[in-house]
Amino acid sequence: MTSVVGPVTVRVPASSANLGPGFDALGLALGLYDELVVEAVDDGLHIDVTGAGAGEVPLDETHLVVQSMNATFDLLGERPSGLRLTCRNAIPHGRGLGSSAAAIVGGIVAARALVNGHDRLDDRTAFQLATDLEGHPDNVAPALFGGLTIAWVDGAAAEVQRLDCDVPVTVFVPPTPVSTEAARGLLPETVPHSDATFNAGRAALLIAALTGAPERLVNATEDRLHQSYRSSVMPESYQLVRSLRVDGVPAIISGAGPTVLAFARGIDEALPAGWALHHLDVDAYGATVRGATADSGAA
Ligand code: HSE
């Protein structure tokens with residue numbers, strides 16, 4: 001057993017997927033963080049959660065961080081006899097800001113650090129495991145690597161291209177969640193060729209806009225593949241996106257919603273009553289580790 005002595009602390013960022021036209025492919029790491037503290041103990045599983053999800057998430061083996069840690073221990077072929085896990089969550093759940101990706105990536109990175117497994121489980125393998133656990137790569141990629149990510153699956157292999165990106169972000173977070181499963185269920189099996197063509201061009205433009213041509217962001221964030229189909233389960237969010245865009249603000253639904261993300265500042269007056277607002281920077285680092293004996297940063 002090579003478990004490190006003492007606690008390991010992992011900080012993992014929120015993320016926004018899709019970014020308008022880049023459905024199931026683009027992701028952006030955001031400077032809003034969950035923090036996990038994990039420690040090997042003699043026996044048992046001890047979980048404490050504060051912040052988002054407290055009182056709602058299970059405090060047993062089905063906790064998403066624990067599931068991810070156990071999957072990582074299985075891959076590494078070793079595990080501590082007991083675990084203490086403390087989650088300090090700032091990423092709201094069910095709002096399209098990558099809370100499940102943060103839990104999965106955080107669990108993998110924490111487990112790897114706890115057993116000094118960085119040499120045996122590199123970032124590429126960690127990304128594959130995170131994608132397998134999440135079911136798609138577009139949130140786990142920025143959660144693990146930071147920055148702007150283009151992620152895809154080739155056969156079963158998860159792939160990612162990471163890019164630097166520095167753009168101001170404001171998020172408007174509604175008080176009630178929308179399930180990703182429900183939002184995905186609203187998407188059609190097929191779309192018009194003209195809409196696919198439209199999105200392909202806008203997604204290409206968006207990479208340019210986010211990496212050096214911000215004046216293109218309004219055009220570059222247009223979408224015809226998912227947002228309008230999902231409007232019935234998040235009508236206020238959809239309306240806010242439309243009204244911000246009419247005012248020339250590049251606004252989109254974050255991930256599967258219902259959070260509204262705008263690449264802008266100075267728009268706080270648009271905040272609907274009862275919603276929360278955050279001014280965020282792009283996170284450049286992804287999941288980071290403190291307290292392990294080995295350098296086990298993810299990036
Ligand atoms: N690309 C995904 C979707 C992100 O929009 O359904 C949600 O996890």
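Biologist: How many bridges join β2 to β5, and in which sense do these strands run?

Modeller: Strands of a sheet pair through backbone hydrogen bonds, either parallel or antiparallel. Here, three bridges join β2 to β5, and the two run antiparallel. Two strands are said to pair if DSSP finds at least two bridges between them. Strands (E, at least two residues) and helices (H or I, at least four) are DSSP runs, numbered from the N terminus.

Biologist: What should I know about the origin of the coordinates and the numbering?

Modeller: The model is predicted: local features need pLDDT of at least 70, side-chain atom pairs count only at pLDDT 80 or more, and totals for chains, interfaces and linings use all residues. Residues are numbered from 1 along each chain as its sequence is written, and side-chain values use heavy atoms, with hydrogens and water left out.

Biologist: Which sense of pairing does β2 show with β1 and with β4?

Modeller: β1 (residues 8-18) pairs with β2 (residues 22-41) in the antiparallel sense over 11 bridges. Seven bridges join β2 to β4 (residues 82-89), again antiparallel. Val 38 links these pairings: this residue of β2 is the bridge partner of Val 8, and its partner in β4 is Leu 85. Between β1 and β2 lies a hairpin with three residues between the strands, where Leu 19 takes a positive phi near 55 degrees.

Biologist: Is Thr 149 buried or exposed?

Modeller: Thr 149, found in strand β5 (residues 148-154), counts as buried because its relative accessibility is 0%. Buried means under 20% relative accessible area, exposed over 50%, and partly exposed in between, with a 1.4 Å probe and protein chains only. Leaving aside residues up to four places away in sequence, Thr 149 touches residues including Leu 26, Asp 138, Pro 142 and Arg 162; contact means heavy atoms within 4.5 Å.

Biologist: How should I read a pair of helices, and at what angle do α2 and α3 cross?

Modeller: Two packed helices are described by the angle between their axes and the distance between the axes. The axes of α2 (residues 99-114) and α3 (residues 123-134) come within 10 Å and cross at roughly 140 degrees. Axes are lines fitted to C-alpha atoms, for helices over the stretch in contact, and angles run from 0 to 180 degrees between N-to-C directions. The two helices are therefore oblique to each other: angles under 35 degrees count as roughly parallel, over 145 as roughly antiparallel, 65 to 115 as roughly perpendicular, and the rest as oblique.

Biologist: Which residues make the contact of α2 with α3?

Modeller: Among them are Ile 104, Ile 108 and Arg 112 of α2, and Asp 123, Leu 129 and Glu 134 of α3.
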